[in-house]
Structure formats: structure tokens, C-alpha cells
Amino acid sequence: AKAMFTHPSCVPKFVILDPWVTKTTPEWVWLSTGVRAIDHATETLASLISNSAADSWAAEALPLLIRSLLQVKRDPEDVQARSDCQLAARKAIWPLIEAKTPPGGSHAIGHCLGSVCNVPHGYTSCVMLPAVLKYNEKVNKHRLVRIKELLINDDVIKSAVPGCEKMEVQDIMRQIFNCLGMPATLKDIKVTKEQYHEVAEKTLKDFLSPFNPIPLTSVDQVMEILTMAQ
């Protein structure tokens with residue numbers, strides 16, 4: 001599982017966002033890390049305990065991040081798109097840091113997929129975010145409406161995902177991740193069904209599980225989500 005440790009001395013005095021340096025980053029690392037930031041923004045907007053400040057940052061981040069990642073996929077030499085990715089990723093994490101809005105099930109399960117199955121952080125978001133969105137929709141449908149509006153009102157996203165106006169949010173996300181060449185299922189990231197139960201048990205101990213729109217309190221709940229992502 002993942003634990004969080006903080007201390008004032010851990011905070012850097014300044015951060016340099018240099019898009020030129022990122023040109024040597026392997027594509028799969030850059031794009032999957034970007035999907036992790038998409039996960040940050042999306043789980044904020046899907047949260048039932050978010051606030052107006054957090055929603056504002058996440059709403060700014062989400063379409064900019066997706067547009068920029070799609071552009072970097074098309075043209076890895078586009079430094080402006082890389083810079084936009086960096087700025088959008090910063091905005092996407094701000095709800096957690098400044099507005100104290102924790103993410104939910106995608107992050108909680110993702111932490112445990114990493115520790116149990118050795119899956120990179122970004123890949124867990126590619127696979128789990130759509131499944132968690134689907135699982136939670138029975139309680140946060142009104143929150144998903146805004147996410148969909150942000151996606152379908154962006155011309156770049158509409159071009160990348162034809163017919164997205166008629167899709168559910170989780171299906172739009174799957175199509176976006178597919179455009180980025182990311183994995184879509186647990187099978188794609190070599191997670192076996194025999195590992196599901198251990199992942200589920202550890203997820204219940206993750207510090208983010210209680211913050212999912214439907215709090216994750218039983219192994220059966222997590223198993224249902226994992227089955228949706230298989």
C-alpha cells in the first residue's frame with residue numbers, strides 16, 4: 001500500500017517547469033504520467049466532498065491536459081504542448097494540495113496494483129479510472145455531467161473521439177486513453193485474476209478508500225470494480 005509523509009522541510013523553495021528537458025522522457029512514461037494527472041482532475045470533479053476552489057482548478061486542468069497530451073502524442077517535438085501538460089498537471093494536483101480534496105477509488109486501487117502487481121502508477125489510472133467512474137455513477141451522476149460537458153465542448157477532444165456526445169464519461173475516457181496508446185484492461189498490464197483478492201484486501205487499508213463517492217469498505221466492492229476492468 002501507499003503511505004503519505006509530509007514535513008515543511010520537504011517543500012522545495014521553487015520548481016522549474018522546463019518542457020525542453022522532457023523531450024528525452026520515454027513516451028510511455030510521459031503519456032501515462034499525464035493520464036495520472038487526468039485521474040487527479042477527474043476524481044476531484046467526481047468527488048462528493050469537493051469544493052468550488054477544487055472544482056475550478058480541476059475544470060481548468062482537465063481539457064487542457066487532454067488536448068496537450070494528444071498533441072504530444074501526435075508531435076513529440078511540440079514544446080508548447082509539453083509546457084501545457086506541465087501547467088495542467090500542476091493545476092490537477094492543486095485540489096489535493098491546497099483545497100484538501102482527496103481523490104477516490106481509482107487512486108486507492110491503483111496504489112495497491114502498484115505494490116502487489118508492480119504496475120506503474122500511470123498505467124493503473126488508464127485501467128481503473130473508467131471502471132471506478134462507472135461504479136460510482138449511481139451516486140454521483142450529477143457530478144459526471146460536468147465532466148462530460150468539459151470533454152464534449154472541447155473541439156480537439158471531439159475530433160479525437162467522434163460521437164463522444166452520445167457516450168458515457170467512462171467510455172470517452174477509454175477512447176482518449178486508446179488514442180494515447182495506453183493499456184485498457186487489467187489483462188493488458190499483466191494483472192491476473194489470482195491477484196485480485198490480495199489487491200482488494202490491501203485497497204481497504206488504503207488511506208483514500210473512504211473518500212470514494214461510494215466508500216470502499218468491503219472486498220466484494222473492490223472485486224466488482226476489478227472485474228469491470230478485467
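**Charges, rings and cover**

Modeller: Let us begin with Lys134, which counts as partly exposed because its relative accessibility is 36%, and please keep in mind that this is a predicted model.

Colleague: Which residue forms a salt bridge with Lys134?

Modeller: The general idea is that side chains of opposite charge can pair when their charged atoms come close. In this structure Lys134 forms a salt bridge with Glu137, and their closest N and O atoms are 2.8 Å apart.

Colleague: Where do Lys134 and Glu137 lie, and how many residues apart are they?

Modeller: An α-helix has 3.6 residues a turn, so residues three or four places apart point the same way. Lys134 and Glu137 both lie in helix α5 and are three residues apart, which is about one turn of the helix.

Colleague: Which other salt bridge lies within a helix, with its residues about one helical turn apart?

Modeller: Lys202 forms a salt bridge with Glu198, with the closest N and O atoms 3.7 Å apart. These two residues are four residues apart in helix α8 (residues 196–203), so about one helical turn separates them. Lys202 is partly exposed at a relative accessible area of 30%, and Glu198 is partly exposed at 39%. Salt bridges that share partners also join Lys134, Glu137, Lys141 and Glu168 into one network, and the structure holds twelve salt bridges.

Colleague: Turning to the rings, how many aromatic pairs are there?

Modeller: Rings are paired by the distance between their centres, with a limit of 6.5 Å, and by this rule there are two aromatic pairs. In one of them, the ring centres of Trp28 and Tyr123 are 5.4 Å apart and the planes meet at 45 degrees, so the pair is tilted. This pair links distant parts of the chain, since Trp28 is in helix α1 (residues 27–46) and Tyr123 in helix α5 (residues 121–152), 95 residues apart.

Colleague: Why does the pair of Trp57 and Trp94 count as edge-to-face?

Modeller: The angle between the planes decides this, and over 60 degrees is edge-to-face. The planes of Trp57 and Trp94 are at 90 degrees, with ring centres 6.4 Å apart, so the pair is edge-to-face. Trp57 lies in helix α2 (residues 52–74) and Trp94 in helix α3 (residues 79–97), so the pair ties together parts 37 residues apart in sequence.

Note on methods
Residues are numbered from 1 along each chain as its sequence is written. This is a predicted model: local features need pLDDT of at least 70, side-chain atom pairs count only at pLDDT 80 or more; totals for chains, interfaces and linings use all residues. Side-chain values use heavy atoms; hydrogens and water are left out. Rings of Phe, Tyr and Trp (its six-membered ring) pair if their centres lie within 6.5 Å; planes under 30 degrees apart count as stacked, over 60 as edge-to-face and the rest as tilted. A salt bridge is a side-chain nitrogen of Lys or Arg within 4 Å of a carboxyl oxygen of Asp or Glu. Buried means under 20% relative accessible area, exposed over 50%, partly exposed in between (1.4 Å probe, protein chains only).
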